[in-house]
Amino acid sequence: MRYGSPVAAYLAQARQIDGLIQAKLEQIAQLRASITRGTAMLSDMPRGGPMRDWTDTAARVADMETELREQINLMIDIKGEITEAILTVPDMELRTLLNYRYLTGWSWGRIADAMHYDRATIWRKHKEAMAAVQIPEDKLQHLATQCNT
């Protein structure tokens with residue numbers, strides 16, 4: 001998805017991160033379920049070779065789960081940075097608008113209803129809020145490259 005500015009692209013990551021985190025958590029649940037099913041099937045079998053193979057598989061699954069959790073932690077860190085960027089906006093009403101849009105994922109209509117404005121006013125205030133957001137230059141440069149491709 002393309003965004004009009006690097007700031008918008010940076011903040012929009014928060015909404016995308018929520019979906020990615022949910023997908024990773026589902027992957028972890030599936031990995032755990034596969035281990036549980038495999039352990040149940042092998043518990044009735046005579047001891048020997050298959051159990052050793054299963055132990056290796058269980059160890060690999062545990063490694064995969066650890067990797068997924070590390071990815072989740074990185075995404076949570078990025079979302080924290082986005083929250084910090086929103087907090088740089090001095091006006092509380094503008095910060096609230098950005099929180100609704102990017103951290104909560106609300107539609108423009110829902111934001112307008114919650115803030116008691118029409119959509120045109122919300123869009124104008126959003127433009128004002130975007131101009132006030134302070135994002136570290138290194139992050140903006142990276143995103144500017146992505147927006148122009």
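**Reading how helices H3 and H5 pack**

Reader: Which residues of H3 meet which residues in H5?

Author: Glu93, Leu94, Leu97, Leu98 and Tyr102 in H3 meet Ile122, Lys125, His126, Glu128, Ala129 and Met130 in H5. Contact here means heavy atoms within 4.5 Å, and helices are DSSP runs (H or I, at least four residues) numbered from the N terminus. By class, this contact has seven nonpolar, one polar and three charged residues; nonpolar covers Ala, Val, Leu, Ile, Met, Phe, Trp, Tyr, Cys and Pro, charged covers Asp, Glu, Lys and Arg, and the others, Gly among them, are polar.

This is a predicted model in which local features need pLDDT of at least 70, side-chain atom pairs count only at pLDDT 80 or more, and totals for chains, interfaces and linings use all residues. Residues are numbered from 1 along each chain as its sequence is written, and side-chain values use heavy atoms, with hydrogens and water left out.

Reader: At what angle do the axes of H3 and H5 cross?

Author: Two packed helices are described by the angle between their axes and the distance between the axes. Here the axes of H3 (residues 92–103) and H5 (residues 119–132) come within 9 Å and cross at roughly 100 degrees. The axes are lines fitted to C-alpha atoms over the stretch in contact, with angles from 0 to 180 degrees between N-to-C directions. H3 is therefore roughly perpendicular to H5, a label for angles of 65 to 115 degrees.

Reader: Is His116 buried or exposed?

Author: His116 is exposed, because its relative accessibility is 71%; exposed means over 50% relative accessible area, with a 1.4 Å probe and protein chains only. His116 lies in the loop between H4 and H5 and has a positive phi of about 60 degrees although it is not a glycine.

Conventions. Buried means under 20% relative accessible area, exposed over 50%, partly exposed in between (1.4 Å probe, protein chains only). Helices (H or I, at least four residues) and strands (E, at least two) are DSSP runs, numbered from the N terminus. Angles under 35 degrees count as roughly parallel, over 145 as roughly antiparallel, 65 to 115 as roughly perpendicular and the rest as oblique.
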